[in-house]
Amino acid sequence: MYDGGKIIAGLIVFLGIVGFPFWYNAGSAGYKTPELKLPPKSKATECIEATEWMRAEHMQLLNTWRDSVVREGNLEYTTASGSHVEMSLQKSCMDCHDSKKDFCDKCHTAAAVEPYCWDCHIAPKEEK
Amino acid sequence: MKTTRRDFLKVAGVTALGMAAGAGSALANSKGAYLPHYEHMAPGHQHLTAKRWGMVIDTRAFHGEEDFAPLIEACHKEHNVPHLPGKQEVKWLWTDSFHASFPHNHQEFLAERVHHSRYLLLCNHCDNPPCVRVCPTKATFKREDGIVMMDMHRCIGCRFCMAGCPYGSRSFNFQDPRPFIAEENPVYPTRMKGVVEKCTFCTERLAEGKMPACVEASEGKIVFGDLGDPDSEIRHILAENFTLRRKPDLGTSPSVFYII
């Protein structure tokens with residue numbers, strides 16, 4: 001092999017760069033679902049849908065609510081248990097889940113997503 | 001082993017049945033898993049309805065800026081409208097002179113009172129709205145009750161609607177409006193940089209069974225009602241009083257009337 005040493009050295013450098021994400025993260029802990037601070041039981045008496053379902057589908061629910069309220073003039077949503085809630089991010093969702101920092105942001109930051117809800121919608125005041 | 005045609009067909013039949021059953025159950029599962037049920041969404045039980053919402057403003061009852069101020073303040077506070085001076089102004093409800101408000105009324109020797117008065121201006125919620133026609137994303141649309149509504153989530157800030165509106169009823173957010181809102185109303189959103197906004201005839205209040213904020217603050221100087229119902233209060237007032245609409249010859253058919 002001509003220039004074998006150079007080729008092998010080059011290959012080692014190449015593999016090192018390509019494999020960077022793997023060896024850099026080797027040994028560090030895997031992704032864990034962040035622990036959310038749930039609203040106090042005194043304030044939030046029921047969930048509008050099952051927790052597991054909301055975890056996966058809350059963005060679809062919010063989009064459906066948005067179109068239903070803005071474009072079709074609806075206001076009320078019937079929950080899984082049959083009670084009624086007003087379809088409103090600021091008035092209903094954030095009334096129970098009253099901390100954007102401890103509820104929304106924890107997962108969104110961990111998952112590196114930046115929803116644009118809060119460009120317009122007003123988040124509840126954080127208690128310090 | 002030699003497979004006969006009979007054996008092959010048997011196996012093929014059972015396989016096809018199995019696949020069909022599997023696909024069927026998977027389909028049923030996927031249908032069941034998607035939950036936001038449209039049939040579970042309804043208007044509030046107190047919501048106000050109309051064939052075509054309209055407004056009559058009794059200009060004789062307003063005598064100066066101090067009469068308009070509480071209405072404008074009520075509206076702008078409720079909807080988090082920023083206070084920006086100059087050309088980047090954002091306005092939902094504002095006032096102007098007779099000649100600016102009704103430029104097609106070339107009245108010679110106009111009555112002094114009319115000439116010196118100011119007129120309360122807002123989105124006219126036209127029956128034939130040019131802003132809806134030009135909006136490329138359908139962010140601006142006309143509801144079934146005649147209200148010209150905006151879906152801020154869809155607005156791309158192209159400003160075609162501002163060019164289309166002959167009444168200057170639309171304002172563009174040249175910058176983030178938040179720093180210019182003195183006191184945020186926590187139950188209504190603000191807007192963001194790069195969208196157009198305007199009066200919505202308080203759809204959020206109508207949905208709760210309340211009259212628009214300016215109507216409530218006017219203490220009877222503004223009447224709001226159903227133009228599509230010949231027996232409504234607003235139609236009786238229109239039948240008894242001479243009214244003007246802004247630039248009616250443009251064919252937009254405004255739903256806001258002014259008793260002069």
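## Loop residues with positive phi

In this predicted model, B:Arg159 is found in the loop between S6 and helix H6 (160-164) of chain B, where helices (H or I, at least four residues) and strands (E, at least two) are DSSP runs numbered from the N terminus. B:Arg159 has a positive phi of about 70 degrees although it is not a glycine. With 15 C-beta neighbours inside 10 Å, B:Arg159 counts as partly exposed; a residue is buried if 20 or more other C-beta atoms, placed from the backbone, lie within 10 Å of its own, exposed if 12 or fewer, and partly exposed in between.

A positive phi of about 50 degrees is also found at B:Phe109, which is not a glycine, and B:Phe109 belongs to the loop between helix H3 (98-101) and helix H4 (112-116) of chain B. B:Phe109 counts as exposed because it has 6 C-beta neighbours inside 10 Å. As background, most residues other than glycine have a negative phi.

## Basis of the model

The model is predicted, and local features need pLDDT of at least 70, while side-chain atom pairs count only at pLDDT 80 or more and totals for chains, interfaces and linings use all residues. Residues are numbered from 1 along each chain as its sequence is written, and chains are lettered from A and ligands numbered from 1 in the order in which they are written.

## The sheet of chain B

Four strands of chain B form an open sheet in the order S9-S2-S11-S10, with mixed pairing; two strands pair if DSSP finds at least two bridges between them. Strand S9 (222-226) and strand S10 (243-244) of chain B stand at the edges, each with a single partner strand, so one side of each is left without a neighbour in the sheet. Helix H9 (residues 233-240) of chain B packs on this sheet, touching S2, S9, S10 and S11 of chain B, and its direction makes about 120 degrees with that of S9(B); such angles run from 0 to 180 degrees between N-to-C directions, with axes fitted as lines to C-alpha atoms, for helices over the stretch in contact.

Strand S2 (residues 53-58) and strand S11 (residues 256-259) of chain B run parallel and are joined by four bridges. B:Met55 stands opposite B:Val256 in S11(B), and the bridge partner of B:Val56 in S11(B) is B:Phe257. S10(B) and S11(B), by contrast, run antiparallel and are joined by two bridges, with B:Leu244 opposite B:Tyr258 in S11(B).

## Nonpolar cores

A nonpolar core is a set of buried Ala, Val, Leu, Ile, Met, Phe, Trp, Tyr and Cys residues joined through C-beta atoms within 7 Å. The largest has 49 residues, of which B:Leu71, B:Leu93, B:Leu120, B:Leu122 and B:Cys214 touch the most other members. The elements giving two or more residues to this core are S2, helix H2 (65-78), strand S4 (118-121), strand S6 (148-150), helix H8 (213-218), S9 and S11 of chain B.

Not counting residues up to four places away in sequence, B:Leu93 touches B:Leu71, B:Ile72, B:Cys75, B:Leu120, B:Leu122, B:Cys199 and B:Cys214.

## Where the two chains meet

In total, 21 residues of chain B are in contact with 23 residues of chain A, contact meaning that the C-beta atoms of two residues, placed from the backbone, lie within 7 Å. On the side of chain B that touches chain A, the residues divide into eleven nonpolar, six polar and four charged; here Ala, Val, Leu, Ile, Met, Phe, Trp, Tyr, Cys and Pro count as nonpolar, Asp, Glu, Lys and Arg as charged, and the others, Gly among them, as polar.

Three strands form an open antiparallel sheet in the order S2(A)-S1(A)-S1(B). Strand S2 (84-86) of chain A and S1 of chain B stand at the edges, each with a single partner strand, so one side of each is left without a neighbour in the sheet. Strand S1 (residues 76-78) of chain A pairs with strand S1 (residues 41-42) of chain B in the antiparallel sense over two bridges, and the bridge partner of A:Glu76 in S1(B) is B:Ala42. S1(A) and S2(A) pair in the antiparallel sense over three bridges, and in S2(A) the bridge partner of A:Tyr77 is A:Val85.
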